[in-house]
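Here is a short tour of one protein model. Keep the sequence and the 3D view side by side as you read.

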Amino acid sequence: MKIISINAGSSSLKFSLFNMEDETVIASGLFERIGIEGSCYTIKYNGEKIEQKVEMNNHEDAVHLLLERLIDLHIIESLDEINGVGHRLVHGKDKYSSSVIITDEVIKDLDEFSDFAPLHNPANILGIKAFKEVLPNVSMVGVFDTAFHQTMDKTAYLYPVPYSWYKDYGVRKYGFHGTSHRYIADSVNRIFGREDLRVISCHIGNGGSIAAIQNGKCIDTSMGFTPLAGIMMGTRSGDIDPSIITYVMEKEGKNASEVIEDLNKHSGLLGLSEYSHDMRDIIESAEQGNEKAILARDKYVRTIVNYIGQYYLLLGGADAIVFTAGVGENSSPIRRLVCESLLPLGVKIDLEKNEIRGEVTKISDKGSKISVYVIPTNEELMIARDTMSLIGE
């Protein structure tokens, strides 16, 4: 069985084609600058990389081109080989607690929930409609970023604000990166051979979130009503005093949207370092003694440690702490600094094992009271698994 996992952005479309018999990636790629001058695509398969500039006016053009290239390159021989299409969907509000077959009702809900994810839900809809046009008889599944976090109770997801804000406007913590955190939970269950585990999942990349997982279910997570909340990120501030917003509005003559834009795109590592949002740049500059880079690095580490400590108490301990995503999988200095700060919890890592990049590895020392792992996340595979499960092939 062959399943395509799709992640559609406003001007992009990322795909992975899986052979689900052994869960291997047959081909993957990215179609960029859709509807913008200079549009192009990249397709990887059999160790090869195909790149080409080509005009794509909309997502339908991109999907047509993708399927044509899959056949032209003999990655598939006909469209009949595609058994299902799984779509990453960012926001399902509190209606969707699991993946679903995409129906007209689901598309309608995505449109209605666009206020909660204005940059993502409309793009997700474009991707769905494009594939429906080209593959009308192929079943499609929606996998929501927010779904995994719907097991949180009200103590976790409600804010201490007027209750009417929740009742009337849906103001609550939703959480994101849910598909990644679910993949980590499943992976740890397989490693330990049981499900009654307390796991702290650290998805840290340019965006980042921490999740407290008990018995395979999320009981709390750091991102909130939007992905702006929680730990410090590449360009996002994470948690701040909300009064800062009106204060800066008055000082700089900005409106609320402009300040939120600053908090989303000009804060975090970039804001503190005044140099870069990329952790690789920050680490290199910090090692050269750049004080702002050192500050940005250390603040980043502290926000992660704060959430791990909070969730350790919430879970009543931890069986495993897992690092994943771009920084978590590849930055040994950040993992080391985080774990050194967790020494009071009995965390000890093997410095040699910690030097790995992007491999499933237990990096904790034999004397560590908590197992520490690096596990590369695979959201695309989770989407494909859910698609295969739901289409019932």
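Helix H3 covers residues 121-134 in this predicted model.

Which residues of H3 are buried? They are Asn121, Ala123, Asn124, Ile125, Gly127, Ile128, Ala130, Phe131 and Val134.

| Element packed against buried residues of H3 | Residues |
|---|---|
| strand S1 | 2-8 |
| strand S2 | 13-19 |
| helix H1 | 59-72 |
| strand S6 | 82-89 |
| helix H2 | 104-112 |
| strand S8 | 139-144 |

Now turn to the nonpolar cores. The largest one has 43 residues. Ile200, Ile204, Ile210, Tyr300, Ile321, Ile334 and Val338 touch the most other members. Several elements each supply at least two residues of this core, among them strand S9 (198-204) and helix H13 (332-341). Helix H11 gives the largest share, 10 residues.

Beyond its neighbours within four places in sequence, Ile321 contacts residues including Ile200, Cys202, Ile308 and Tyr373. A second, separate core has 41 residues, including Val63, Ile75, Ile107 and Ala130.

The axes of H6 (residues 178-192) and H14 (residues 379-391) come within 9 Å and cross at roughly 85 degrees. So H6 is roughly perpendicular to H14. Their contact has 3 nonpolar, 2 polar and 6 charged residues. Among them are Arg182 and Asp186 in H6, and Arg385 and Asp386 in H14.

Note on methods: Residues numbered from 1 in each chain as written. Predicted model: local features only at pLDDT ≥ 70, side-chain atom pairs only at ≥ 80, totals over all residues. Heavy atoms only, no water. Axes fitted to C-alpha atoms, helices over the stretch in contact; angles between N-to-C directions. Helix = DSSP H or I, 4+ residues; strand = E, 2+ residues; numbered from the N terminus. Parallel < 35°, antiparallel > 145°, perpendicular 65-115°, else oblique. Contact = heavy atoms within 4.5 Å. Nonpolar A, V, L, I, M, F, W, Y, C, P; charged D, E, K, R; others polar. Expected span 1.5 Å × (residues − 1). Buried < 20%, exposed > 50% of the residue type's maximum accessible area, 1.4 Å probe, protein only. Core = buried A, V, L, I, M, F, W, Y, C linked by side-chain atoms within 4.5 Å.
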